[in-house]
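These are my notebook entries on what I looked up in this structure. I began with a pair of strands and went on from there.

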Amino acid sequence: FAIDDDGKLRLHKLRDIDPIAAYASERLSRADIRLTELQQPHYDRFAVADVRYLAMFVPLIDHGAEPWLMGVYAPEDELARKIRDGQRESIVLGVAVSVLVVTAAIMVGMILLRPVYTLQRQAQEDPLTGLLNRRSFENLAQRRLANAERQRMDISALMIDVDSFKPINDVHGHAVGDEVLQAIARRLSSGISNLDLLARYGGEEFVVLVGGSKTRARNIAERLRALIGEEPIRTSAGPLSVTISVGVAEFRTSGEPLEELLKRADIRLLSAKSTGRNRVDSAA
């Protein structure tokens, strides 16, 4: 760790500790390589202050979109001399020690960063249901829509509202109402694929972004409606029969903003609520 001029604590930057390693890392980032897909060691050769170096980067830990790589560098002349002198064992031992040291450093780093990852996850999740919260959903959904427009893919939004939810809170209390929302979140999650985007949008309202045709979106909406209403939800106040209404709107691939898509889905939701509840209404 280091202390800035203003007295704040920060992590050391790599260039402060090892300028040569930082330069090798910058060269790797500028290379035409997809680091998330790196499966084999990557070798590099460069010069710093008239000294030539050889570097090797090896994939170490698969961490999703942010994989861990191990980098080792050494002066080219020193490596050549060791090989000429028959000291290959020293190189192997050095690399082995480097792997152990780097692995230990990574494990310590992951332990130190665990609270950061926890805070990031909490900032993205709805604390009651564990689903995405509204802000995270909107950020991810905007990217999905932009990608769908580029690739001319079909995508639709489902606005979901729990029917007659206020009486549940009024009669049984908010704690039971929370139990109902948690059970609904679990059932909704079980009725969509991992590629679909589900969030608690606010109160007793949920939203889903699904890929595929409008027919698929309506079929998913009907499946979710059946999952919620097919059997009572078990609560501390006893089993409660709950239904949902769903509004479906298909994305217009003509630069339509997310808020307009959700607004059209919400209009269909209001139509479903006003015509009897426990039904799906899709835009014409």
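I looked up V246 and found that V246 stands opposite V280 in β12, strands being DSSP runs of E with at least two residues and helices runs of H or I with at least four, numbered from the N terminus. I noted that β11 and β12 pair in the parallel sense over three bridges, where pairing asks for at least two DSSP bridges between two strands.

This is a predicted model, in which local features need pLDDT of at least 70 and side-chain atom pairs count only at pLDDT 80 or more, while totals for chains, interfaces and linings use all residues. Residues are numbered from 1 along each chain as its sequence is written, and side-chain values use heavy atoms, with hydrogens and water left out.

Next I followed the sheet, which is open, has five strands in the order β7-β8-β6-β11-β12, and shows mixed pairing. I found β7 (197-202) and β12 (280-282) at the edges, each with a single partner strand, so one side of each lacks a neighbour in the sheet.

I then turned to the helices, and saw that the axes of α5 (residues 134-151) and α9 (residues 258-274) come within 10 Å and cross at roughly 105 degrees, axes being lines fitted to C-alpha atoms, for helices over the stretch in contact, with angles from 0 to 180 degrees between N-to-C directions. That makes α5 roughly perpendicular to α9, a term for angles of 65 to 115 degrees. The contact (heavy atoms within 4.5 Å) is made by F137, E138, A141, Q142 and L145 of α5 and L258, L261 and L262 of α9.

Technical notes
Angles under 35 degrees count as roughly parallel, over 145 as roughly antiparallel, 65 to 115 as roughly perpendicular and the rest as oblique.
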